[in-house]
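Thanks for coming. Please look at the sequence and the model on the screen while I talk.

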Amino acid sequence: MQQQIEAVQRMQDYIAAHLSEEITLADLSAAAMFSPWYARRIFIEHTGVTPSDYIRRLRLRYSALRLRDENCLITDVAFDLGFGSVDGYTRAFAREFGCNPKQYALNPVPIALFTPYGVKYKPVERRTKSMQNTRNIFIQVIDKPERKVIIKRGVKATDYWAYCNEVGCDVWGILTSIKSISGEPVCLWLPKKFIKDSTSEYVQGVEVPLGYNGKVPDGFDVITLPAAKYLMFQGEPFAEEDFGTAIEEVQDAIKKYDPSAIGYEWDGENPRIQLEPVGTRGYIELLPVK
């Protein structure tokens, strides 16, 4: 099983690195180091989609982000991301998101972006490794402005895995489609005053300007957070397979840290924030202080 997972991850990594190029089953077979037939079979088994569907949806994801953030021609986006024609791209975009690229570029409403989760990071495969060297945790005071947060509530979740089991992992794709003032979606542990009855402490959301008046996806709520100071705890970059250990190291450092050493105390009126674990930057959590 582990050999299959690593082969599928190699195929996912190859797709990500060559997304704007033609990608054949032979290319993926070489990356997987299995026969084309077997490579395709295990890709479907572990991702739930065919390699061609995965590539198409990933290209559509990044095309939508370009249309949202850049003043670019639809023709350029289509060909830059490996689509054979503008018509084919337009039809694929409409099937995926329910609107054509031109409509979306003029009015970027929230849409369900495909999220390419690496198979070796699924909960069942999560494992703790022992990193050999002493790791540093960097701490920085940052200011968050008053802002709105569009959130999707869970039921009882207190962490990421429980939340995904309750509401599914596709929420992240919708949140990513909404332009954030912080550049990416966030996970939050909400203080009691922001938690509705029979909903979870842990939620996922996206921070938007206080004056945001765009569309809020069905089933999502909007909360307003005050300006606040945060201590940002950031671990060192880590190998992606060590993400469980990287999270534990930062969270252990947080438990031991006394903010009074720099003249602060913990602020229980604002949410604790978790960013997506990305190996190249290190794991990050932000805790409110006053």
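Predicted model: local features only at pLDDT ≥ 70, side-chain atom pairs only at ≥ 80, totals over all residues.

Residues are numbered from 1 along each chain as its sequence is written, and side-chain values use heavy atoms, with hydrogens and water left out.

Helix H6 covers residues 86-97, which is 12 residues. From first C-alpha to last, H6 reaches 16 Å, close to the 16 Å expected at 1.5 Å a residue; the expected span is 1.5 Å times one less than the number of residues.

What sits at the two ends of H6? At the start, a side-chain oxygen of serine 85 comes to within 2.9 Å of the backbone nitrogen of glycine 88. After H6 comes glycine 98, with a positive phi near 80°.

Now the sides of H6. For accessibility, buried means under 20% relative accessible area, exposed means over 50%, and partly exposed is in between, with a 1.4 Å probe and protein chains only. Which residues of H6 are buried? They are Tyr89, Ala92, Phe93, Glu96 and Phe97. These residues cover an arc of only 105° around the axis, so they lie on the same side of H6. That arc is taken from the directions from the helix axis to the C-beta atoms. The face turned away from the buried side carries the exposed residues Asp87 and Arg95. What covers the buried residues includes helix H4 (51-69), helix H5 (74-80) and helix H7 (101-106), where contact means heavy atoms within 4.5 Å.

Next, the strands. Two strands pair if DSSP finds at least two bridges between them. Strand S2, residues 147-152, pairs with strand S5, residues 221-225, in the antiparallel sense over five bridges. Within that pairing, valine 149 has isoleucine 223 of S5 as its bridge partner. S2 is also joined by five bridges to strand S4, residues 202-208, and these two run antiparallel.

Last, the charged side chains. Side chains of opposite charge can pair when their charged atoms come close. A salt bridge is counted when a side-chain nitrogen of Lys or Arg is within 4 Å of a carboxyl oxygen of Asp or Glu. How many salt bridges does the structure hold? It holds 15.

One of them joins arginine 56 to aspartate 53, with the closest N and O atoms 3.5 Å apart. The two are three residues apart in helix H4, so about one helical turn separates them. Arginine 56 is partly exposed at 26%, and aspartate 53 is partly exposed at 31%. Asp53 and Arg56 also belong to a network of salt bridges with Arg57 and Glu96. Glu96 is one of the buried residues of H6.

Another salt bridge is between arginine 281 and glutamate 184, at 2.9 Å from N to O. Arginine 281 is in the loop between strand S7 (272-274) and strand S8 (284-289), and glutamate 184 is in the loop between helix H9 (171-176) and strand S3 (186-189), so the pair ties together parts that are 97 residues apart in sequence. Arginine 281 is partly exposed at 24%, whereas glutamate 184 counts as buried at 19%.

Note on methods: Helix = DSSP H or I, 4+ residues; strand = E, 2+ residues; numbered from the N terminus. Polar contact = N/O pair within 3.5 Å; in protein donor to acceptor, adjacent residues only side chain to side chain.
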